[in-house]
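User: I'm new to this structure and would like a close look at one part of it. Could you pick a single spot and walk me through what surrounds that spot?

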Amino acid sequence: MSAVESPGSAAVGRPGPAAVERPGPASVDRPGLEEAERVELTVDAVAPGGHCVARVGGQVVFVRHALPGERVIAEVTELHRGFARADAVEILDASPDRVTPPCPYARPGRCGGCDLQHVAPAAQLDWKLSVVREQLTRLGGLTAEQIDALGVHVEALPGGPLGWRSRVRYAVDAAGRAGLLKHRSHEVVPIERCLIAHPAIQDLPVLPPTGARWPDADAVETVASTGGDVAVVAYTDGVPTAVSGPERVRETAAGRSFTLPASGFWQVHPAAADALTGAVLDLLDPQPGETAWDLYGGAGLFAAALAERLDGARVTLVESAPDGVAAARQNLADLRAVEVVAARVEAALSRRRITGPVDLVVLDPPRSGAGAPVVRAVVAAGPRAVAYVACDPAAFARDVRTFTEAGWRLAALRGFDLFPMTQHVELVGLFLPPQG
């Protein structure tokens, strides 16, 4: 691990400058920092996880609530071997990209859900692109020239940075009050309203101002579907125990209607499913008669879109979650060419539950990525193109390296801001086999 890395996270760009000394805060000439002390520092590049990088006497500090180029007073929140974490609690020299967070809870020591409310919306897109480029370089093994040739940028979705989140999961504290967690903490912050939540969720009587209490629950999930359904699901020990509203909700995307359990997985931005489906189809350019695999297929979004383009040719969807399998079989029942396989993707490939040859593959893995065994099995099946939908740039970059080692290339890449005000970014990449 280099001096500018933390576990699972790496700085973007060059190492930061040494801190600027100032009477009052801690001096930079001491051997180490102490938790809860305050230190003046100058912030350098952005890093994955919603941080920026700074240095104090040679020690790396990952700073939240800061922007590159700012001079801040930061309070140390965690100490680790080789690095520290801190919150910027006072801004001495502000970046021109700094704005006042619209939410009173998006501040040091309060809700940890929104990482970038202090960053202007356009600058948030640049922030996320910087993280993507760094991960592709450091973990993916691509050169700056190769990344430039992709022409990648992060696209904003319709609707603006607030009021977009159609699924919000609240934690419940010991007093039965619903709220959101502090950053890297299990402490619940009771809130009056979440401003990134869909308006229909904001109107639900779930949070403390309405007098709502959840004495038997440890989490409460709220849903406002694109089909107009609104539901509340209470969880005890991770198991859904009560539902207010419909148990199954409708979602609309790619010209179709889908149904799934209120507790099931669906993209949380109302425009996300259409944006991702459009990108996958644009990149793959499916032709009638080609065959396809939809791996980690969920409720059937990509399989449905592919089946309509392939004009009756075989589409195989693989999903391991029982709720997802049941939803896919229901949603795709009218598409006779679609087969739904209930299995883990790696097991389905290694045990030949699905076999090639295949023309097109969609990979939409969880945050941990597809992983080398799955990538190698997909390559061995010999498709003409693979579309990879990624929610974590680091996991995606590791899989880019595996594709590259197999002789494949990342031929196109698009980024989408499916999670405004947070550090998260969605990617859709096109992989092509060696020419000839």
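Analyst: Let's start with one term: a polar contact is a pair of N or O atoms within 3.5 Å, and within protein one of them must be able to donate a hydrogen and the other to accept it. Keep in mind, too, that this is a predicted model.

With that in hand, look at His118. Its side chain reaches the backbone oxygen of Ala66 at 2.9 Å. Where does His118 sit? You'll find His118 in the loop that runs between β8 (83-93) and α1 (121-138). Is His118 buried or exposed? Buried means under 20% relative accessible area, and His118 has a relative accessibility of 4%, so it counts as buried. Leaving out residues up to four places away in sequence, the contacts of His118 are His65, Ala66, Leu67, Asp97, Arg98, Val99 and Pro101.

β8 pairs with β7 (71-80) in the antiparallel sense, over nine bridges. Arg71 stands opposite Asp93 of β8. The two strands make a hairpin with two residues between them, and Gly82 in the turn has a positive phi of about 90°. β7 has another partner as well: β3 (residues 38-42) pairs with β7 over five bridges, again antiparallel. There, Arg38 has Glu75 of β7 as its bridge partner.

These strands also take you to a pocket. β7 and β8 each give at least two residues to the lining of the second largest pocket, and β8 has the largest share, with four residues. The pocket holds about 340 Å³ of space. Its lining has 20 residues, with Thr77, Asp87, Gly109, Lys182 and His183 lying nearest the centre. What kinds of residue are they overall? By class, the lining has nine charged, seven polar and four nonpolar residues.

One more space to look at is a cavity. The structure holds one cavity of 30 Å³ or more, and the largest cavity has a volume of about 40 Å³. Among the residues lining this cavity are Tyr170, Cys194, Ile201 and Leu207. Its lining divides into six nonpolar, one polar and two charged residues.

Note on methods. Residues are numbered from 1 along each chain as its sequence is written. This is a predicted model: local features need pLDDT of at least 70, side-chain atom pairs count only at pLDDT 80 or more; totals for chains, interfaces and linings use all residues. Side-chain values use heavy atoms; hydrogens and water are left out. Buried means under 20% relative accessible area, exposed over 50%, partly exposed in between (1.4 Å probe, protein chains only). Contact means heavy atoms within 4.5 Å. On a 1 Å grid over the protein atoms alone, a cavity is a set of points where a 1.4 Å probe fits but cannot get out, and a pocket is an open set with protein on both sides within 12 Å along at least five of seven lines; lining residues have an atom within 4 Å of a point. Grid points are joined across faces, edges and corners, and a volume is the space filled by probe spheres set on the points. Ala, Val, Leu, Ile, Met, Phe, Trp, Tyr, Cys and Pro count as nonpolar, Asp, Glu, Lys and Arg as charged, and the others, Gly among them, as polar. Two strands pair if DSSP finds at least two bridges between them.
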